[in-house]
Amino acid sequence: MGIPPRERIAAAVRDFLAFLERKDIDSWIRLWDPDGEQFYPYGTEMFPPRIAGRNAVHARWKSLPDMFESLSFPLLELWIDGDTAIARFDGHLVKKDGTVYRNSYICTFTFTEAGLISRYREYFDPILAGAAFGLAETTYLSS
């Protein structure tokens, strides 16, 4: 089979973001290989460093629709090389209580020959995320 064509990888990344925006986690999880893994390299102690297997990824993300009124992830840049894509996008999310959460993301996707996600790494500002979701308290020191 070989490496999936660039167009198929690009479509999968766009579908990944579109399914999240529609809060369609059932369709979103079908983009993942059964052995797919998700990583939060800068997640500190707030986010698990590794989530192994499509079922575990689904368990982590299935409550997303209940947390947010709306989600928007405009894709700003997409680079593809072989079986790997790097996507840069912003997140504009409105939580159910009306508060807005914004962050910027750079994510790497590695795909199987079948075009499914085998590895996903999500890089974002963990300070913004931790403060927005009550996972961390931040204090900025004046200079």
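**Note on a predicted model with seven strands and five helices**

1. D66 sits in helix 4; helices here are DSSP runs of H or I with at least four residues, strands are DSSP runs of E with at least two, and both are numbered from the N terminus. With a relative accessibility of 60%, D66 counts as exposed. The classes are buried for under 20% relative accessible area, exposed for over 50%, and partly exposed in between, with a 1.4 Å probe and protein chains only. From D66 to K95 the C-alpha to C-alpha distance is 9.1 Å, while the two are 29 residues apart in sequence.

2. On the basis of the model: the structure is predicted, so local features need pLDDT of at least 70 and side-chain atom pairs count only at pLDDT 80 or more, whereas totals for chains, interfaces and linings use all residues. Residues are numbered from 1 along each chain as its sequence is written, and side-chain values use heavy atoms, with hydrogens and water left out.

3. The protein has five helices and seven strands. Read from the N terminus, the order of elements is α-α-β-β-α-α-β-β-β-β-β-α. The radius of gyration is 16 Å, close to the 15 Å of the globule rule for 143 residues, so the protein is as compact as a globular protein of that length. That radius is taken over C-alpha atoms, and the rule is 2.2 Å times the number of residues to the power 0.38. The C-alpha trace spans about 55 × 35 × 25 Å along its principal axes.

4. Of the 143 residues, 41% count as buried. The accessible surface comes to about 8100 Å², and carbon and sulfur atoms hold 52% of that area; such areas come from the Shrake-Rupley method with a 1.4 Å probe, and for residues only the protein chains shown count as cover. Among contacts (heavy atoms within 4.5 Å) between residues at least 6 apart in sequence, 50% join residues at least 24 apart.

5. The largest pocket holds about 440 Å³ of space. A pocket is an open set of points on a 1 Å grid over the protein atoms alone, where a 1.4 Å probe fits, with protein on both sides within 12 Å along at least five of seven lines; lining residues have an atom within 4 Å of a point. Its volume is the space filled by probe spheres set on the points, which are joined across faces, edges and corners. The lining has 23 residues, and Y40, F47, W61, L64 and F68 are the closest to the pocket centre. Elements that give two or more residues to this lining include helix 1 (6-21), helix 4 (64-67) and strand 5 (84-95).

6. Strand 7 holds S118 and R121. S118 counts as buried at 15% relative accessibility, whereas R121 counts as partly exposed at 26%. Leaving aside neighbours within four places in sequence, the contacts of S118 are D33, D35, G36, E37, T110, F111 and T112. With residues up to four places away in sequence not counted, R121 touches F39, P41, I106, C107 and T108. R121 and D97 are 24 residues apart along the chain, and their C-alpha atoms are separated by 28 Å.

7. K23 lies in the loop between helix 1 and helix 2 (25-29). K23 is not a glycine, although its phi is positive, about 60°. Most residues other than glycine have a negative phi. At 24% relative accessibility, K23 counts as partly exposed.
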